[in-house]
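Please look over the structure below and follow the briefing beside it.

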Amino acid sequence: SALIGKERIVINDMLEEIADELEIMSEEEGMRLHTDFHEEVVIDGNLSLIGSIFRNLTENAIAYSEGKNIFISLIKNNETECRIRFEDDGVGVEEKQLPRLFERFYRVDKSHSREIGGTGLGLAISKNALLAHRGFITVTSTEGEGSCFLVKIPLNYIAQ
């Protein structure tokens, strides 16, 4: 694939920006965004791709959460990679749907989601953007309890 532009990205600043944008959206819904970053996380990456990953995951958590809380936490940050968790206390996803979540245009049963539209492309885009950074995304979910997306991004990667 083509080389993608790289720059130094401070993940904390990016999440703060997204949190500010979404605060208006989420407060109307009576929702709270909690972030737990105990240190600065800096990666070399493509700003717009990384931005789209975090935006998609945060918007998804709001859209599919009947819950009231979204938690974005740094769970690992060392010299090679960072891992960030996006959790919500919403309706969750049936186990049989989990493998399909990252397919293009796949939508979880609409009765579970708020009426927000969307293309069903967000998670597919996020997955591909992460692959471009040699990272990956996994999801676990319990119906009725919420979902958890784990994003792993190498701090420094060579785009192929």
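Glu87 and Arg85 form a salt bridge between their side chains, at 3.2 Å from N to O; a salt bridge here is a side-chain nitrogen of Lys or Arg within 4 Å of a carboxyl oxygen of Asp or Glu. The model is predicted, so local features need pLDDT of at least 70 and side-chain atom pairs count only at pLDDT 80 or more, while totals for chains, interfaces and linings use all residues. Residues are numbered from 1 along each chain as its sequence is written, and side-chain values use heavy atoms, with hydrogens and water left out.

**Salt bridges**

- By this rule there are six salt bridges.
- Glu87 is partly exposed at 26% relative accessibility, and Arg85 is partly exposed at 28%; buried means under 20% relative accessible area, exposed over 50%, and partly exposed in between, with a 1.4 Å probe and protein chains only.
- Glu103 pairs with Arg100, and their closest N and O atoms are 3.1 Å apart.
- Glu103 has a relative accessible area of 34% and is partly exposed; Arg100, with 39%, is partly exposed too.
- Side chains of opposite charge can pair when their charged atoms come close.

**Glu81 and its surroundings**

- Glu81 is in strand β5, which covers residues 81–88; strands (E, at least two residues) and helices (H or I, at least four) are DSSP runs numbered from the N terminus.
- The side chains of Glu81 and Arg83 meet in a salt bridge of 2.5 Å, N to O.
- A network of salt bridges links Lys76, Glu81, Arg83 and Lys152.
- Glu81 counts as buried because its relative accessibility is 8%, whereas Arg83 is partly exposed at 23%.
- Beyond its neighbours within four places in sequence, Glu81 is in contact (heavy atoms within 4.5 Å) with Lys76, Lys152, Ile153, Pro154 and Leu155.

**The nonpolar core**

- The largest nonpolar core has 38 residues, and those with the most contacts inside it are Ile11, Ile43, Ile50, Phe54, Ile84, Leu101 and Phe149.
- At least two residues of this core come from each of α1 (11–28), α2, β4 (69–77), β5, α3, β6 and β7.
- Helix α2 gives the most to this core, with seven residues.
- A nonpolar core is a set of buried Ala, Val, Leu, Ile, Met, Phe, Trp, Tyr and Cys residues joined through side-chain atoms within 4.5 Å.
- Residues of α2 include Thr58, which is buried because its relative accessibility is 0%.
- Not counting residues up to four places away in sequence, Thr58 touches Ile18, Leu22, Leu33, Ile70, Ile72 and Phe86.

**Ring pairs**

- Two aromatic pairs are counted, where rings of Phe, Tyr and Trp (its six-membered ring) pair if their centres lie within 6.5 Å, and planes under 30 degrees apart are stacked, over 60 edge-to-face and the rest tilted.
- Phe54 and Phe86 make a tilted pair, with 5.6 Å centre to centre and 35° between the planes.
- Phe54 is in helix α2 and Phe86 in strand β5, so this pair ties together parts that are 32 residues apart in sequence.
- Phe54 is buried at 0% relative accessible area, and Phe86 is buried at 2%.
- The ring centres of Phe102 and Phe149 are 6.3 Å apart with planes at 90°, so this pair is edge-to-face.
- Phe102 is in the loop between β5 and α3 and Phe149 is in strand β7, so the pair ties together parts that are 47 residues apart in sequence.
- Both Phe102 and Phe149 are buried.

- Helix α3 spans residues 122–132, where Gly122, Leu123, Ala124, Ser126, Ala129 and Leu130 are buried.
- The cover over these buried residues includes α2 (47–63), β6 (136–142) and β7 (146–154).
- Arg134 lies in the loop between α3 and β6 and is partly exposed at 44% relative accessible area.
- Its phi is positive, near 60°, in a residue other than glycine.
- Most residues other than glycine have a negative phi.
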